[in-house]
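Please read them alongside the coordinates.

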Amino acid sequence: MKTLKTLLKFIKNNLSSSYRKITILFIFTLLLVIATPQTRQIIQAKAINGIEQRIKSQKMGIMENNFRNEYEEYFGRVINTEQFNPANIRITSSHNSGNASEIAQKIAIADRLAQTKSAVMWVVPEKEYLHLVLITSRGIITVRDLYEVPFDTINQTVIDFYQQINELETPFDLTLSQKLHQWIISPFEKEILEPEKIDNILFCLGEGVRLLPFGALYDGERFLVQKYNLSRIPAFDLINPEYKPLENPTVLAMGASNFTDNTPLPGVLIELQEVAQKIQQRSSQNQEEILFNQEFTLANMQQRLKEKPFEIIHLATHADFKPGSPNNSYIQFWDKKLTLDKMYELPWQTPPDLLILSACNTAVGDNNSELGFTGIALQSGVKSALGSLWYVSDLGTLALITEFYEQLINQPEKNPTKVQALTKAQNLLLEGKVYFEDNRLITPEGEIYLPDNLKLKGKLDLSHPFYWSAFTLISSPW
């Protein structure tokens, strides 16, 4: 076998493409003639498996291209994918982007730097079946087609699950949660995810499932967020897989508590103050700016962006992803709305590492609003975005965001990725370790006293999936 590998390497390095194929075909045929029946079966099986993997890789490339075309059509512009392949991500594949070898290599590089074990999963509802594809850094593609789960079935189940979580009923009915886990996660868990010790799943999602709160899926014992770090991507070819820890980040934090045509957000000021405090706790070298209420204008933000780069942009304001074209969806500033179709024109000196939208609302069941939400990082040009699938209460958002910054900024010895920080924060809410009591936010790090005008009495538990499963990291988890 070693001799054969040496011979094949020689052929690859010294013969032209046409002679290489003829020579390898001749060797393969010769081996089949002289081999024992058992060895012949092994050779044939490996050859068939190799052919199957090449076919799957080609189909994966087509699927990735279809996702890219879908986002380009929605945003009305050609997406330059060169920005998503940083200089230090070197690949050896000579094929088009989107093939298994290239994706696996990028995953392996990011995993090595971030000390994660990642898998990419495509969940694509088709008219007659649910199409599932999984790949890890080994480059092996696994496909599962569930004909018992056609588009209408999973789409309606997602809508029902979405609405169930928002009803905030206690105890939480886990029936739909378990059904969705059985359809999407179980086909891979025992065979691949557990044996390969996967702890980081990137979901690329088709129409009908883009707004599914994956963290709230339940296996009968645990929620998915208790087992994996979870993020969603527009397509693997459309993310920057580079890992760089956020050390002493510069932060521009902005928001408003009162609006002329939106509901008030009374907790925004304390949210911005807590962001600033978390940044300052890490290092005196950290820099942050706060723009609040009348100062929170689009012109002021654009001016700050022209003056210097920021690694984190934090917007504590309404962000509404609506049906129809991108100009229907917007981020609310004090003076005007920044519509989604204009976001790619923001004057970044250097694209931020993270954009945080802390009060999102998205129309479930509409493909365009789903594309707007999952494409927010892509459209804005940032590496990653953090948003919520539905409008979580003002206090719930304050709790999650405060703990997210604590995990991301003030745990330097852990050097967490963005998705690891989010997962840790979500689990602390789920486990009842972050909650409100008598106008105080109680966290493992201490108490935060709230303004008297919030008038919170008694205990507010945040363990229900409504409070933590809405928050999701979009685009790169690293």
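1. A crossing is right-handed if the near helix is turned clockwise from the far one by less than a right angle, and left-handed if anticlockwise. The model under discussion is a predicted one.

2. By that convention, the crossing of α12 and α13 is right-handed. Helix α12 covers residues 394-409 and helix α13 residues 418-430; their axes are 8 Å apart and the packing angle is about 130°.

3. On the α12 side, the contact involves Ala-399, Leu-400, Glu-403, Phe-404, Gln-407 and Leu-408. Facing them in α13 are Lys-418, Ala-421, Leu-422, Lys-424, Ala-425, Gln-426, Leu-428 and Leu-429. The contact of α12 with α13 comprises 9 nonpolar, 2 polar and 3 charged residues.

4. The other pair is helix α5 (residues 151-166) with helix α6 (residues 175-184), whose axes come within 10 Å and cross at roughly 140°.

5. Which residues make the contact between α5 and α6? From α5 they are Thr-153, Ile-154, Thr-157, Val-158, Asp-160, Phe-161 and Gln-164. From α6 they are Leu-176, Ser-177, Lys-179, Leu-180, Trp-183 and Ile-184. Sorted by class, the contact of α5 with α6 contains 7 nonpolar, 4 polar and 2 charged residues.

Terms used:
Residues numbered from 1 in each chain as written. Predicted model: local features only at pLDDT ≥ 70, side-chain atom pairs only at ≥ 80, totals over all residues. Heavy atoms only, no water. Axes fitted to C-alpha atoms, helices over the stretch in contact; angles between N-to-C directions. Helix = DSSP H or I, 4+ residues; strand = E, 2+ residues; numbered from the N terminus. Contact = heavy atoms within 4.5 Å. Nonpolar A, V, L, I, M, F, W, Y, C, P; charged D, E, K, R; others polar.
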